[in-house]
Amino acid sequence: MPLSDERLIELARRVAEVPGAVGIVLGGSRARGSHADDSDTDVGLYYRHPLDVDRLDRLAKSVAGPSAVVTAPGGWGPWVDGGGWLKIDGNPVDWIYRDLDRVLGVWADAEQGRYGFHQQTGHPLGFPDHTYAGELALSRILVDPTGELTALREKLLVFPPKLAEALVNGLWEADFLVALARKAVSRRDTAYVAGCLFRMVGVCAHALHGAAGRWLINEKGAVAAAAALPGAPERFRQRVDAAFAGIDGDPLRLSEAIDVAADLVLETADACAIMMR
């Protein structure tokens with residue numbers, strides 16, 4: 001049985017008592033109501049330095065058993081940060097750290113239309129820094145003793161217009177990637193073509209979400225999420241699948257796959273322009 005709301009809030013209150021913790025949220029698919037029965041429970045721990053990792057580790061062991069381990073901040077990488085993969089009452093529960101001051105800095109950049117994709121293990125497209133804002137916007141706050149998370153989340157519910165414009169303007173990269181992919185056809189460099197098309201699709205997905213004023217916080221499911229947006233290019237997901245299905249080393253099929261991708265880029269630009277009117 002998944003954790004009940006009462007149990008989840010009880011655990012969140014105990015985590016919030018750890019020195020350095022500011023507030024606790026439920027994130028991921030369970031916060032959005034799109035989870036499956038076996039989905040992990042993602043718990044966001046917003047903190048300020050110094051976070052008392054030793055005390056948090058003792059708490060983790062008390063609720064998840066003696067083998068439970070939590071990392072120091074940054075233990076999973078500079079952008080994923082850290083936390084712990086735990087098993088609580090038989091359920092997979094992920095504690096995920098978020099440095100609140102860094103989140104605030106990312107939000108300030110997003111309001112001015114500044115964003116970036118950062119190299120990070122497990123994120124082939126790169127970790128989009130504005131994910132931090134989207135995570136909190138799409139979360140369910142469990143414990144917020146100071147009210148700071150609640151106040152920030154209220155602001156994040158409105159997608160910043162300058163970020164939307166910047167993400168749509170970023171489609172120049174998708175167009176450039178199509179041109180780069182074409183140069184690899186004569187060499188039958190399927191890996192390079194696939195890499196170009198993967199990043200191109202990611203750029204398009206973020207542009208479509210920006211134009212629609214929706215947060216996109218995960219590479220997994222990004223194509224399906226973009227295809228479901230009102231005004232997205234027709235059969236977006238199926239055409240992405242068709243492009244990748246054509247990457248098999250045959251120059252003719254590689255060119256056809258790139259042609260499909262090129263059409264998607266053009267239609268994405270048109271769709272974004274319409275959505276932003």
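# Helices, sheet and cysteines in a predicted model

Let me start with a helix pair. The axes of helix α8, residues 171-183, and helix α9 come within 9 Å and cross at roughly 165 degrees. Angles over 145 degrees count as roughly antiparallel, so α8 and α9 are roughly antiparallel to each other. The crossing of α8 past α9 is left-handed. Who makes the contact? On the α8 side, L171, E173, A174, L177, V178, L180 and A181. On the α9 side, Y192, V193, C196, R199, M200, V203, C204 and A207. Bear in mind that this is a predicted model.

Stay with α9, and turn to its next partner. Helix α9 covers residues 190-212, and helix α12 covers residues 251-275. They pack at an angle of about 15 degrees, with their axes 10 Å apart. Under 35 degrees counts as roughly parallel. α9 and α12 are therefore roughly parallel to each other. α9 passes α12 in a left-handed crossing. Now the residues. From α9 we have T190, V193, L197, M200, C204, A207, L208, A211 and A212. They meet L254, A257, I258, A261, V265, T268, A271, C272 and M275 in α12. Look back at α9 for a moment. V193, M200, C204 and A207 are among the residues that meet α12, and they are also among those in the contact with α8.

There are cysteines in those lists. How many disulfides does a search of the whole structure find? The search finds 0. Take C196. C196 is in no disulfide, and the nearest cysteine sulfur, that of C204, is 13 Å away. C196 is buried, at 4% relative accessible area. Next, C272. A disulfide here needs sulfur atoms within 2.5 Å.

β2 is residues 41-47, β4 is residues 91-99, and the two pair in the parallel sense over 7 bridges. G44 stands opposite I96 in β4.

β5, residues 117-120, and β6, residues 123-128, pair in the antiparallel sense over 3 bridges. The bridge partner of Q120 is H123 in β6. The hairpin has 2 residues between its strands. G122 sits in the turn, with a positive phi of about 90 degrees.

The peptide bond from H49 to P50 is cis, with omega near -5 degrees. P50 is in the loop between β2 and α3.

D81 has a phi of about 75 degrees. D81 is in the loop between α3 and β3. R235 has a phi near 55 degrees. R235 is in the loop between α10, residues 222-227, and α11, residues 236-245. Buried or exposed? D81 is buried, with a relative accessible area of 6%. R235 is partly exposed, at 49%.

R239 lies in helix α11. R239 counts as buried, at 15% relative accessibility; the cut-off for buried is under 20%. What does R239 touch, leaving out residues up to four places away in sequence? P233, E234, V260, D263, L264 and E267. Two of those contacts, V260 and D263, bring us back to α12, which spans residues 251-275.

Key: Residues are numbered from 1 along each chain as its sequence is written. This is a predicted model: local features need pLDDT of at least 70, side-chain atom pairs count only at pLDDT 80 or more; totals for chains, interfaces and linings use all residues. Side-chain values use heavy atoms; hydrogens and water are left out. Two strands pair if DSSP finds at least two bridges between them. Helices (H or I, at least four residues) and strands (E, at least two) are DSSP runs, numbered from the N terminus. Buried means under 20% relative accessible area, exposed over 50%, partly exposed in between (1.4 Å probe, protein chains only). Axes are lines fitted to C-alpha atoms, for helices over the stretch in contact, and angles run from 0 to 180 degrees between N-to-C directions. Angles under 35 degrees count as roughly parallel, over 145 as roughly antiparallel, 65 to 115 as roughly perpendicular and the rest as oblique. A crossing is left-handed if the near helix is turned anticlockwise from the far one by less than a right angle, and right-handed if clockwise. Contact means heavy atoms within 4.5 Å.
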